[in-house]
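Please consider the arrangement described below. The account begins with a single residue and then turns to the sheet.

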Amino acid sequence: QELCAIVQQYPDRKWILVGHSLGGYLSLEMIHRHRELISGCILINSHLRNDTKKKQKIRDKQISLIKKRGLSPYLRVFYHNMDPSRAAEWQQRFGKQLNVQAVLDQLVYMRDREVVFTSVEEFTKDNFLGWIHAENDILIETNDIFDKFSRLNKGYISVIGGGHLSPLNNSQECLNSIKSMWNYLSFLF
């Protein structure tokens, strides 16, 4: 809703959205709601798939765990899945600062979101959709990325090293991938 409000404040501008993970979900929602205001989109370690029933049940369990026991047990597993070598550090550094309701809202959104693939297909008839996928991202199936991407009209996909947090851990490689997409977006700047 906040992103929609910002974009709608400046309807004469064309926006290029760059979103990592949940930020990619939000970018896709903007394409669905306000395609006419978006000129390009780059998704980083994100995908076009709705949650399966199994994944929805996992998110329900995560929500229930947080409501019963707080964020700490959830974050312990979450951080470990992101990067086991830094999990304890992140738990200590960020665990107490996170807003419980914000985390619950994100889980509910991810569980209930509906990707309208036809909106994305329509968007790519006239606009660019770039995709940066980390080859070792255990949260997102590489086959699913390529399957969905092959059904789009205009775009570019880049595979980089690293895991889900590649913008943090492989920042230069991620930036280079974004820069390689500038040629497709240069007419917009």
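Helices (H or I, at least four residues) and strands (E, at least two) are DSSP runs, numbered from the N terminus. This is a predicted model, in which local features need pLDDT of at least 70 and side-chain atom pairs count only at pLDDT 80 or more, while totals for chains, interfaces and linings use all residues. Residues are numbered from 1 along each chain as its sequence is written, and side-chain values use heavy atoms, with hydrogens and water left out.

Threonine 124 belongs to helix 7 (residues 117-126). Its relative accessibility is 0%, so threonine 124 counts as buried (under 20% relative accessible area, with a 1.4 Å probe and protein chains only). Beyond its neighbours within four places in sequence, threonine 124 is in contact (heavy atoms within 4.5 Å) with Leu129, Leu152, Asn153 and Lys154.

Four strands form an open sheet in the order 1-2-3-4, with parallel pairing; two strands pair if DSSP finds at least two bridges between them. Strand 1 (15-20) and strand 4 stand at the edges with a single partner strand each, so one side of each has no neighbour in the sheet.

Strand 3 (residues 128-134) and strand 4 (residues 155-160) pair in the parallel sense over six bridges. Within strand 4, isoleucine 157 is the residue opposite tryptophan 131. Strand 2 (residues 38-44) and strand 3 pair in the parallel sense over five bridges, and glycine 40 has phenylalanine 128 in strand 3 as its bridge partner.

Methods: Buried < 20%, exposed > 50% of the residue type's maximum accessible area, 1.4 Å probe, protein only.
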